[in-house]
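Here's a quick briefing to read alongside the structure. Have the viewer open and follow along.

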Amino acid sequence: MASKTATPTETRTKTRFEYWQAGLLGGVGGGLVFGVLMTMTMQPIIEMAIPGMYGLGPSLAVGWAIHMFHSVVLGVGFAILIRTTGFEERLGSNFTIAAAGLAYGVVLWLVLASFVMPAWVGVMTEMTPPVPDWSGQSLMGHAVYGVILGLLYALLAR
C-alpha cells in the first residue's frame with residue numbers, strides 16, 4: 001500500500017546572500033559611510049596616512065581605494081566570525097546583530113586604528129602619530145562602520 005508524505009518546502013520572497021557575500025556588501029556599505037565621514041572630518045588620514053602605510057604618496061583616490069579594500073576584508077572577516085562562532089543564531093534579531101557589528105567596529109578601532117595603524121604609519125612615513133592614538137572621531141567612524149556592517153549583514157544573510 002502506497003503512502004504519501006508531505007515534504008515541507010521553504011518559500012523566500014527575497015534574495016538571500018551567502019554569509020561571506022553579505023559581509024562583503026556590509027563592508028562596502030559601512031566603508032562608504034565611514035569614508036565620507038573620514039573625508040569630511042579627518043581628510044589627512046584618508047589622503048596621506050592610509051596611502052603612506054603602503055609607501056605611497058598623498059592621494060585622496062588611493063586612500064579611498066585602500067580604505068574600501070580594508071572595509072571589504074574586515075566585513076568578510078565579520079561574516080566569518082559571526083557565522084563560525086555561532087553568534088549569528090544566538091543573537092537572533094537584526095538589532096542584536098547590528099549591536100554585534102557595533103562591538104566589532106569598536107574592537108577594530110581599539111586594536112587596528114589605535115595601535116596598529118599609527119605604528120605602521122610611523123614606520124612607513126615621516127609622520128609621527130601617537131601610539132596609541134585615541135581619536136574620538138576615529139572611534140565614531142569605526143562604530144558607524146560596524147553598525148552598518150552588522151545591519152546589512154543581518155538583512156542580506158538571513
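Let's start with helix H6, which spans residues 136-157. Its 22 residues reach 31 Å from the first C-alpha to the last, close to the 32 Å expected at 1.5 Å a residue. Keep in mind that this is a predicted model.

- The buried residues of H6 include glycines Gly141, Gly146 and Gly150, along with Tyr145, Tyr153 and His142, among others.
- Covering those buried residues are, among others, helices H1 (19-41), H3 (60-84), H4 (87-91) and H5 (94-124).

- Arg158 sits in the segment after H6.
- With a relative accessible area of 28%, Arg158 counts as partly exposed, because that value falls between the 20% and 50% cut-offs.
- Arg158 and Glu89 are 69 residues apart along the chain, yet their C-alpha atoms are separated by 9.9 Å.

**His67 in helix H3**

- Over in helix H3 you'll find His67, which is buried because its relative accessible area is 5%, under the 20% cut-off.
- The His67 side chain reaches two backbone atoms: the oxygen of Gly31 at 2.8 Å and the nitrogen of Gly35 at 3.4 Å.
- Setting aside neighbours within four places in sequence, His67 is in contact with Gly31, Phe34, Gly35, Met38, Ile46 and Ile50.

Terms used: Residues are numbered from 1 along each chain as its sequence is written. This is a predicted model: local features need pLDDT of at least 70, side-chain atom pairs count only at pLDDT 80 or more; totals for chains, interfaces and linings use all residues. Side-chain values use heavy atoms; hydrogens and water are left out. Helices (H or I, at least four residues) and strands (E, at least two) are DSSP runs, numbered from the N terminus. The expected span of a helix is 1.5 Å times one less than its number of residues. Buried means under 20% relative accessible area, exposed over 50%, partly exposed in between (1.4 Å probe, protein chains only). Contact means heavy atoms within 4.5 Å. A polar contact is a pair of N or O atoms within 3.5 Å; within protein, one must be able to donate a hydrogen and the other to accept it, and residues adjacent in sequence count only if both atoms are side-chain atoms.
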